Amino acid sequence: MTGFAGFDTDIYPGDDQMAWLKANTNLVWSGYYLAPAPSHRDTSWMGTRAALVAGGWGIAPVYLGQQITGPGSLNPSLEQGGTDGGNAADLMDGEGFPAGSCVYLDLENGPPMTPPLNDYVGAWCDAVGARGYHPGIYCSHSLADAVSALRPNSRIWAFRVPTIAPNPVAGTNFPTPDPAGCGYAEAVAWQRGQNCQLDLPGAPTEAMTVDLDVASTADPGAP
């Protein structure tokens, strides 16, 4: 099968840019950063959901929670997973996402899955589910099997990219391979490019850096 092209970027591109992308590219969905979250404080995406839905965008809500390494908050635990899952649900409620919508916990680290991280992810998924939302996990393809085993009903959005260095990507019609190409057969979405430098003549912002994705549905956050 082929998929549906999407993108994610941590800072909201702006209403005019989103309208241009929808009209002039094959991008049909985007990540949507819930904030303030433990490892993401910028709130620029917040409050834009209704307009994006009206404009025809699919949305994948992202919650950047506790991490093992790197920038952000570094406190994964069973208790913190429950707290952060409740926080993610509060943010989903505030943005008007319908019951059953999927929200993705963003795990930036690679393997291994440590015991505290296992506890955190499981508790986060349970807390989100208890509030009527569907848990999803954004993670490395090399963690996907272990993460899925924790809560088999969670949706997996896996990253597997050729480089993390800035890389130019030409054109406005982006490839839409099967998300299973990430290396995890059951992936709902695949982040297949990071730090992709787009050249978009005529757009409100002609030079734009994003991560490029593909999903098995045009709306990976839909119930």
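**Two helices in contact**

In α3, L78, Q80, G81, G82, D84, G85, G86 and A88 meet D119, Y120, A123, W124, A127 and V128 of α4, contact meaning heavy atoms within 4.5 Å. Those contact residues split into seven nonpolar, five polar and two charged (Ala, Val, Leu, Ile, Met, Phe, Trp, Tyr, Cys and Pro are nonpolar, Asp, Glu, Lys and Arg charged, and the others, Gly among them, polar).

This is a predicted model, where local features need pLDDT of at least 70, side-chain atom pairs count only at pLDDT 80 or more, and totals for chains, interfaces and linings use all residues. Residues are numbered from 1 along each chain as its sequence is written, and side-chain values use heavy atoms, leaving out hydrogens and water.

Back to the helices (DSSP runs of H or I, at least four residues; strands are E, at least two; both numbered from the N terminus). The axes of α3 (residues 78–95) and α4 (residues 115–130) come within 7 Å and cross at roughly 35 degrees; axes are lines fitted to C-alpha atoms over the stretch in contact, with angles from 0 to 180 degrees between N-to-C directions.

Now for the aromatics. The structure holds nine aromatic pairs (Phe, Tyr and six-membered Trp ring centres within 6.5 Å; planes under 30 degrees apart are stacked, over 60 edge-to-face, the rest tilted). Y32 and W45 make a tilted one, 5.7 Å centre to centre with 55 degrees between the planes. Y32 sits in strand β2 (residues 29–33) and W45 in the loop between β2 and α2 (49–54), so the pair ties together parts 13 residues apart in sequence.
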